[in-house]
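Have a look at the structure first, then read on.

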Amino acid sequence: MIDSGIGFVAQRTVVEGPVEVRFPLRAGDRALVAAGEAVVPGARIADRVRDAHLVEVTTGTVPEDARPGDRYAPAVSSQGVGLRRSHAGLAGELLFELGGHWRMAAGEHSEQIDTPVAGVVREVRPGIGIAVRVEGRIIRGVEALGEPTRGVLALGAEPGDRSGPGIVLRPGSLDVGLAGTILVVGSRVDAESLTRARAMGLRGVVVAGLAGKERRDFLASEARQRASLHRLPTFAVLVLDGAVRRRVASPIADVFAALAGREVALVTDPPALVFDEPTIEIEAPPEDLVRVRSGDRVGREGRWVGLAGLRRFADGTFLEAGWVRFDDDAPVAVPIADLERFA
């Protein structure tokens, strides 16, 4: 019988039900959907202005009932358009009125924003975002970098392999045969591998941990890609646990194995992998399964034995602990705050 003390261990939900996904909008972006509309994967939901800047609108050309967030396109007349500073012909989003003149965000170049998930639009707020109630279930991560994307899930290695310290994705293991896929790797990935993955046509990478340096390098590469004239397809990186190297948790790895070869999506708000496969049944993890999420044994999984009470650990600190059995070894005391269980 499992000790009731396992209730003191933080619980992590492996698969969650339908959630609300948000697509951010900046000043000048134009939403193409309205609340209540149904969307399908690949549908165009907004236009993003790449080079948005502030434009002053002359007095008398804006309707009296105009409000911030309204779209404005100046009408050409014999007296000229209602814009100053050589911005004739630009359409944009009204932001605020100051001194009798409206300012709007506008730009010459735009790109479309597609939704990688199916669902119903719940809310559209100009300059804030579009909220979509998605169909299906999600596996939540701690952070997602890049842009929402969609692809076929592929296992680059055995993400739940417990026989080694974990898998590190190398650039040489990537080729064009993986184009259009979202690749699940093991413990960590470097920035060079992420850059090559995007160049090879991959749509995303799911990894347990992403170090701070690799995160900064990827964000810098993403900024350069956004500024380029010829952009590649959307690409995202979903980080499941954080910056420390560790293997993918076995209950989550089992779900990935069941989803291999099926279409999934990566979204950034919330950071998660979304799948709509009602025929896949997810088995509940063992009730006594725990995983070390920080500390000396980070990433290891074991079985909960019971409460160990107040114990002394490194640097003379006293922490509430629990007995955990790793493999066939004798139970060891692990701080309860370093553990997580699955549901």
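Two residues are in contact here when heavy atoms lie within 4.5 Å. On that rule, and leaving aside residues up to four places away in sequence, Leu153 touches Ile182, Val184, Phe256, Leu259, Ala260, Gly261, Arg262, Val264 and Leu273. Bear in mind that the model is predicted: local features need pLDDT of at least 70, side-chain atom pairs count only at pLDDT 80 or more, and totals for chains, interfaces and linings use all residues. Numbering runs from 1 along each chain as its sequence is written, and side-chain values use heavy atoms, with hydrogens and water left out.

**The overall picture**

The protein chain has 3 helices and 27 strands, taken as DSSP runs numbered from the N terminus (helices H or I, at least four residues; strands E, at least two). Of its 343 residues, 47% are buried, where buried means under 20% relative accessible area, exposed means over 50%, and partly exposed is in between (1.4 Å probe, protein chains only). If you take contacts between residues at least 6 apart in sequence, 66% of them join residues at least 24 apart.

**The cores**

A nonpolar core is a set of buried Ala, Val, Leu, Ile, Met, Phe, Trp, Tyr and Cys residues joined through side-chain atoms within 4.5 Å. The largest one has 26 residues, and Leu153, Val206, Ile252, Phe256, Leu259, Leu273 and Phe275 have the most contacts inside it. At least two residues each come from S17 (181-184), S19 (204-209), S20 (236-242), H3 (250-259), S21 (263-268) and S22 (271-275). Helix H3 gives the most, 5 residues. Apart from this core lies another, of 19 residues, including Leu25, Val39, Ala46 and Ile113.

**Pocket and cavity**

On a 1 Å grid over the protein atoms alone, a cavity is a set of points where a 1.4 Å probe fits but cannot get out, while a pocket is an open set with protein on both sides within 12 Å along at least five of seven lines; lining residues have an atom within 4 Å of a point. Grid points are joined across faces, edges and corners, and a volume is the space filled by probe spheres set on the points. The structure holds 1 cavity of 30 Å³ or more.

| Space | Volume | Lining by class |
|---|---|---|
| Largest pocket | about 690 Å³ | 7 nonpolar, 7 polar, 11 charged residues |
| Largest cavity | about 50 Å³ | 3 nonpolar, 2 polar, 4 charged residues |

For these classes, Ala, Val, Leu, Ile, Met, Phe, Trp, Tyr, Cys and Pro count as nonpolar, Asp, Glu, Lys and Arg as charged, and the others, Gly among them, as polar.

The pocket has 25 lining residues, and the closest to its centre are Arg48, Ile113, Glu147, Arg231 and Thr234. Strand S10 supplies the largest share of the lining, 4 residues. Around the cavity you'll find Glu147, Arg198, Glu222, Gln225, Arg231, Leu232, Pro233, Thr234 and Phe235.

**One aromatic pair**

Rings of Phe, Tyr and Trp (its six-membered ring) pair if their centres lie within 6.5 Å; planes under 30 degrees apart are stacked, over 60 edge-to-face, and the rest tilted. That gives 1 aromatic pair. Phe218 and Phe235 are tilted, with 6.1 Å centre to centre and 50 degrees between the planes. Phe218 sits in H2 (residues 212-227) and Phe235 in the loop between H2 and S20, 17 residues apart. Both are buried.
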